[in-house]
Amino acid sequence: MNEERQIQDEDLMDVAQDPEQAHRLRKALKVLADNPNVGGKLQEMAKEVLSGRLGMKEAIETPGYMDALGDRLNKIRRAAEDQTMAEREESRAKFAEWQKKQEEEDDRERAERDGPSLNLVTGPRRGSGRGHR
């Protein structure tokens, strides 16, 4: 999949409320597409959207894809309900650690994306070259 063209954050602005949400959505789609444990329709949908072969709006309107998402969410909910108190505490701790790492990564990516570039290419300066007559 790495050899295929991939959409950019901007390509998701038809469903995202702002550039940050589009960025998070694209990252989530990439996780779904790259995780071998996802499989099935959900992974297929993520790969189709990331490649640009399917728009996110189309994916949302495709019953098979939304059914797959609903099924996955139900499995996650059932697994959470079946956890013991000790397992819940362990999950919370792992999630807090994961969330902190994600926030640090997001901050780094945001700084790279929004920060000044050292490789600016500009046109000729005004007034350079020929002088006034």
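**Helix packing and the main pocket**

1. The crossing of α1 and α5 is right-handed. The model discussed here is a predicted one. Helix α1 covers residues 19–34 and α5 covers 85–114. Their axes lie 13 Å apart, and the two helices pack at about 120°. Angles of 65 to 115 degrees count as roughly perpendicular and those over 145 as roughly antiparallel, so α1 is oblique to α5.

2. Which residues make the contact between α1 and α5? From α1 come E20, H23 and K27, and from α5 come Q102, E105, D106, E109, R110 and R113. By class, this contact has seven charged residues, two polar ones and no nonpolar ones.

3. Helix α1 also packs against α2. Here the angle is about 130° and the axes are 8 Å apart, which makes α1 oblique to α2. The crossing of α1 past α2 is left-handed.

4. On the α1 side, R26, L29, K30, L32, A33 and D34 take part in the contact with α2. They meet L42, Q43, M45, A46, K47, V49 and L50 of α2. How do the residues of the contact between α1 and α2 divide by class? Eight are nonpolar, one is polar and four are charged.

5. Helix α2, residues 40–51, has a further partner in α4, which runs over residues 63–81. The axes of α2 and α4 come within 8 Å and cross at roughly 125°. The pair is therefore oblique, and α2 passes α4 in a left-handed crossing.

6. The α2 side of this contact is made by K41, L42, E44, M45 and E48, and the α4 side by G64, Y65, A68, L69 and R72. Five of the residues in the contact of α2 with α4 are nonpolar, one is polar and four are charged. L42 and M45 of α2 take part here, and L42 and M45 also meet α1.

7. The largest pocket has a volume of about 570 Å³. Its lining consists of 20 residues. Which of them lie nearest the centre of the pocket? They are K27, A28, V31, L32 and W98. K27 also belongs to the contact of α1 with α5, while L32 belongs to the contact of α1 with α2.

8. Helices α1, α4 and α5 each supply at least two residues of the pocket lining. The largest share comes from α5, with seven residues. By class, the lining of the largest pocket holds ten nonpolar, four polar and six charged residues.

Terms used
Residues numbered from 1 in each chain as written. Predicted model: local features only at pLDDT ≥ 70, side-chain atom pairs only at ≥ 80, totals over all residues. Heavy atoms only, no water. 1 Å grid on protein atoms, 1.4 Å probe; cavity = no way out; pocket = protein on both sides within 12 Å on 5 of 7 lines; lining within 4 Å. Points joined across faces, edges and corners; volume = space filled by probe spheres on them. Helix = DSSP H or I, 4+ residues; strand = E, 2+ residues; numbered from the N terminus. Nonpolar A, V, L, I, M, F, W, Y, C, P; charged D, E, K, R; others polar. Axes fitted to C-alpha atoms, helices over the stretch in contact; angles between N-to-C directions. Parallel < 35°, antiparallel > 145°, perpendicular 65-115°, else oblique. Left-handed = near helix turned anticlockwise from the far one by under 90°. Contact = heavy atoms within 4.5 Å.
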